[in-house]
Amino acid sequence: MKKLNLVLFFISMFAVAAFAQPTNAEAGKCYAKCLIPTKYETTSVPVTIKAATTKVNIKPATFVNASEQFMTKEAATSYSAVSAKFEKASKQVLAKDSYKVLKVVPAEFKTVTEKVLVKEAYKVAKIVPATYKTETVSLMVKPAFTTYQKKPANFRDEVETIDVSPKSTKWVHKKSDANCLSADPDDCMIWCLVETPAEYKTVTKKVLVGCDAGWTINGSDCVKSNKVDAVYKTYTKQVVDTPAKVEYTEYPAEFKTRTYQQLVSEAKVVEETVPAEYTTWKYEKLSSDASATESPVTAQYMNRTFENLGADASLSTESVPGETVNIQKTTISAAGGFSEEWREVVCEADVTPRLIAQVQRALIERGYSVGLAGVDNVFGVDTKAALKKFQQDKGLPVGNLDFETLKALGINQ
């Protein structure tokens, strides 16, 4: 019942539209309300499926070879012993005092004993060399530096539905259903407003999620830094424990015991001088005492090579453009429907073979096919279809041979 009522409603509306008389109509002319098609506009819409981001470039740490001298033995002082030097010497020593001889009373003597120097006291130098002890030192051969790892960030796919053509309505000329009261179904032709559903397109986008635990997001990459410890090497060196020194041993002077006759009393009667008697004593005389010469002992070095950090590892970023796809989206630029005003159309009696031939030629010139027969002066199915297509392409009212269409075809009537 509802369906019947809806059909009757459209019939009544069509009847009102059909029988409402146009104002300012002229006799001998024909008028009609034409169906103006809906106009659509198709545009290319960019859709971002992956946002622009940055990616990370890793520049590893660089090292330069370096060398240095490493002391393996400290500088010290060494001594060389110089022995005491002696030279041969002699001197006259009294062997017997001079005396006087008395011919009557001889002189009296006594024996005297004394020590005579035969070798002066001297020193003997003894060199006590320096002693060393071994020490262990740890030296850096490669400094600490940083390394980086990178891997792509995690993305997830998201599906988005994009409206590429909106929902619209259009008028369709249909026959009535079985409830039509007229015996001739053509008397019940009605216009139905049909809804055209919207059209959608599905686009898959990549959305940044992030990084795993322990990684840091940087643009579209995940970065992890690792600290590499410095490298050390153990070296041994000798250091002075006790410095070299000189010890002196003193040797006393050497003496020899000698005896001689010493005058006690001279002769008293006849006095005669007897000269003293001397003897030559040979001995070693100290010309230079013992000593030590001091000379420096140069420290000992060795060349060692190691790696010095030239530049630590670093990160740089560069832009990564996003990914977009172009979606063809259709929008309604002008809604269609029946024209509000009556339009003048060619009356049936004026649709002559000559006019039909003009229409066919004009359509052919504009690239529309009117059938295999070409210009045959017959307003047949192919010609009507071509004319309808021309009206739709030019945005003209569709369904009648009106004067606006003739003007668009370049035909003066």
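This is a predicted model: local features need pLDDT of at least 70, side-chain atom pairs count only at pLDDT 80 or more; totals for chains, interfaces and linings use all residues.
Local features were considered at pLDDT of at least 70 and side-chain atom pairs at pLDDT 80 or more, whereas totals for chains, interfaces and linings use all residues. Residues are numbered from 1 along each chain as its sequence is written, and side-chain values use heavy atoms, with hydrogens and water left out.

The secondary structure of the protein chain comprises four helices and 29 strands, where helices (H or I, at least four residues) and strands (E, at least two) are DSSP runs numbered from the N terminus. Of its 413 residues, 23% are buried; buried denotes under 20% relative accessible area, exposed over 50%, and partly exposed the range in between (1.4 Å probe, protein chains only). Among contacts (heavy atoms within 4.5 Å) between residues at least 6 apart in sequence, 88% join residues at least 24 apart. The chain exposes about 27000 Å², of which carbon and sulfur atoms supply 51%; accessible areas come from the Shrake-Rupley method with a 1.4 Å probe, and for residues only the protein chains shown count as cover.

A nonpolar core is a set of buried Ala, Val, Leu, Ile, Met, Phe, Trp, Tyr and Cys residues joined through side-chain atoms within 4.5 Å. The largest such core has 15 residues, and those with the most contacts inside it are Leu-355, Val-359, Leu-363, Leu-401, Leu-406, Leu-409 and Ile-411. Two or more residues are given to this core by each of helix H2 (353-365) and helix H3 (381-394), with the largest share, four residues, coming from H2. Beyond its neighbours within four places in sequence, Val-359 contacts Leu-387, Leu-401, Leu-406, Leu-409 and Ile-411. Another core, of six residues, lies apart from it and includes Ile-49, Val-164, Val-203 and Ile-327.

One disulfide is present in the structure, the criterion being a pair of cysteine sulfur atoms within 2.5 Å. Its partners are Cys-211 and Cys-222, with sulfur atoms 2.0 Å apart. The link is left-handed, with -95° about the S-S bond. Cys-211 is in the loop between strand E16 (199-210) and strand E17 (216-218), and Cys-222 is in strand E18 (residues 221-228), 11 residues apart. Cys-211 is partly exposed, at 24% relative accessibility, whereas Cys-222 is buried, at 1%.

On the surface, Val-104, Val-105 and Val-269 form a nonpolar patch with about 230 Å² of accessible area together. Patch residues have over 30% relative accessible area and no salt bridge, with like charges joined within 9 Å and nonpolar side chains (Val, Leu, Ile, Met, Phe, Trp, Tyr) within 5 Å; a salt bridge places a side-chain nitrogen of Lys or Arg within 4 Å of a carboxyl oxygen of Asp or Glu. Val-269 lies in the loop between strand E21 (254-265) and strand E22 (273-274) and is partly exposed, at 45% relative accessibility.
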